[in-house]
Amino acid sequence: MSVVFSKPHALTDAVLHYCPGCTHGIIHRLVAEVIDEMGIEGDTIGVCPVGCSVMAYDYFNCDMIEAAHGRAPAVATGVKRALPDKFVFTYQGDGDVAAIGTAETVHAAARGENIVIVFVNNTTYGMTGGQMAPTTLPGQITQTTPFGRDTAVNGFPVRVVEMLSTLSGTALAARTAVDTVPHVRETKKMIRKAFENQKNKAGFSVIEVLSTCPTNWGMSPVDALTRLREDMIPYYPLGVYKDADIHNSPEVK
Amino acid sequence: MKGNEALAEAAIRAGCKCFFGYPITPQTEVAAYFAKKLPKVGGTFLQAESEVAAINMVYGAAAAGVRTMTSSSSPGISLKTEGISYICGADLPCVIINVQRGGPGLGGIQPSQADYFQATRALGHGDSRVIVFAPSSVQEMVNVVNKAFNLADTYRMPAMILADGLLGQMMEPVEFPETEVESFDKPWATTGHGNVREHNIANSLYLKPEVLEKSILDRAKRYEDIENNHTEAECYLTDDAEIVVCAYGATARICKSAVNAARAKGIKAGLFRPVTVWPYPKKELVKASANAKSLLTVEMSTGQMIEDVKLAIECKKPVYFCGRTGGIIPTPAEVLAEIELRVKEGV
């Protein structure tokens, strides 16, 4: 019998702990497929900090580091500076990238740190049971916004890739989603481009992937995908916000 | 050479390849020296966006298997404690310098020894320890850097050099000993598996209590080994001393002058100076104070090391305290007066 579909080598055989219907599995697979296709598993170090991806060190077959909440871009910087010829990526959630780790994220981008951030935005703190995230939409009900996110009290969501696209050190800032097959394909294309950027020492790349959290949203997986499409994409428009080779730009001295 | 610069030079000679720091007085010359020299020897100097980021960069570089360090002063060390705990939990080697200044809070920028509790007991949450050297001269700062890296690599844990603003800013003649950089096999490093081994993981998360407990107990065994084999202390005129003055770092030098002055007056005073403060040289202190009627601890704090002194001698003798804090340095005259008082009072 011929095998027509298999798991990428860059994923281990471990059973993922993610909830049913969660799109982390798709995004893990996309990252692993890119690593496989580029043949770089042996030269890649992944950094996964606190959040739903905290145990991703068991899922990726490349060398892995578990980091403190929000600190993955700093840890990745340490690895990359020590081993400049290796591929280094982080896999982070919204609380990690845009709340507790905002400084680490922004400054890794500002330095043009030659790393890839795969940023999974599901508008909630999934691992701790669904609290308000920096990307929680106005009006969204969470455990800590039981009456809906009131912008007069909790302020406004952070549009991460738009913000990072303003920094000279950012080579690639794009937002994609995993709600449909074309969007999944686009996500993979962007992740691939981010890793290619690293190979070409082009600078900092961040791919924000709009993702679902059926458990904490209190929805079926299908309804969650509908919410992603109807509520999230209008607030977080998909697209490439920056695409440049910063190390060959006139700004580089 | 200035103390801070000597520390940096010694670290480069010890094979430090990556330095990550953030400016804070009175240690900034450490970073400035690395910035100038490290790129010339193929290393990386990087000014981080915060102390928190700097220690996490150290975490990454340590996981990648290179000799790496950071340097800060008291308030900055508080920020680093999160990262230090993760580094302990992931069993990674690195060196951290604390050029202490006055606290709490922003405190002041003058020399202090008020971070002793933090250095010896609380450099991070959880059951974790850090090897701590407390040099008392620029030369000794140079000497302990290589040792700190070697012990850190041997035991896969952080080592700290606990200096103070006085030592960091002091200029003294210094010699750099010809030492070969010891090379350590790091099969655990996350360098990319190169398709020749299983993937390595640097991690401090163990959700199963039995597994976490085992990892902590394994580490505790290493700590025990360090306590048994790597304590260091200087004993000065302690053999016949009726009063043993206990002090570390710059304060110990002031105390040595006071001890000499006391001897000139016919008082049998001696000095016990721990070079390692974790592990604390307990056996050495018991021996050094065997003939003493009392002990006098002198610190630039309100009294922190005094607890280790009492623990070491199991409170079998009176232990007095004399110190200044908030950036004020005790004078030899003050210490001498205290020695005279305690000897006169008898026990």
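In β7(B), Ala202(B) is the bridge partner of Ile65(A). The two strands involved, β2(A) and β7(B) (residues 201-202), pair in the parallel sense over two bridges; strands count as paired if DSSP finds at least two bridges between them. Helices (H or I, at least four residues) and strands (E, at least two) are DSSP runs, numbered from the N terminus.

This is a predicted model, in which local features need pLDDT of at least 70 and side-chain atom pairs count only at pLDDT 80 or more, while totals for chains, interfaces and linings use all residues. Residues are numbered from 1 along each chain as its sequence is written, and chains are lettered from A and ligands numbered from 1 in the order in which they are written.

**Contact between the chains**

Chain A puts 29 residues into the contact and chain B puts in 34 residues, where two residues are in contact if their C-beta atoms, placed from the backbone, lie within 7 Å. On the chain A side, at least two residues each come from β1 (44-48), β2 (63-66), α2 (72-82) and α4 (102-110). The most is given by α2(A), with eight residues.

**Helix packing in chain A**

The axes of α2(A) and α4(A) are 7 Å apart and meet at an angle of about 40°. Axes are lines fitted to C-alpha atoms, for helices over the stretch in contact, and angles run from 0 to 180 degrees between N-to-C directions. The helices α2(A) and α4(A) are therefore oblique: angles under 35 degrees count as roughly parallel, over 145 as roughly antiparallel, 65 to 115 as roughly perpendicular and the rest as oblique. Pro73(A), Ala74(A) and Thr77(A) of α2(A) make the contact with Glu104(A), Thr105(A) and Ala108(A) of α4(A).

**Domains of chain B**

Chain B has domain 1 (3-229) and domain 2 (235-345), with bounds from an automatic or database domain assignment. Their centres, taken over C-alpha atoms, are 28 Å apart. Contact between them involves 26 residues of domain 1 and 22 residues of domain 2. On the domain 1 side, α5(B) supplies the largest share, four residues.

**Residue classes**

Ala, Val, Leu, Ile, Met, Phe, Trp, Tyr, Cys and Pro count as nonpolar, Asp, Glu, Lys and Arg as charged, and the others, Gly among them, as polar.

| Contact | Residues by class |
|---|---|
| Side of chain A that touches chain B | 15 nonpolar, six polar, eight charged residues |
| α2(A) with α4(A) | three nonpolar, two polar, one charged residues |
| Side of domain 1 of chain B that touches domain 2 of chain B | 16 nonpolar, seven polar, three charged residues |
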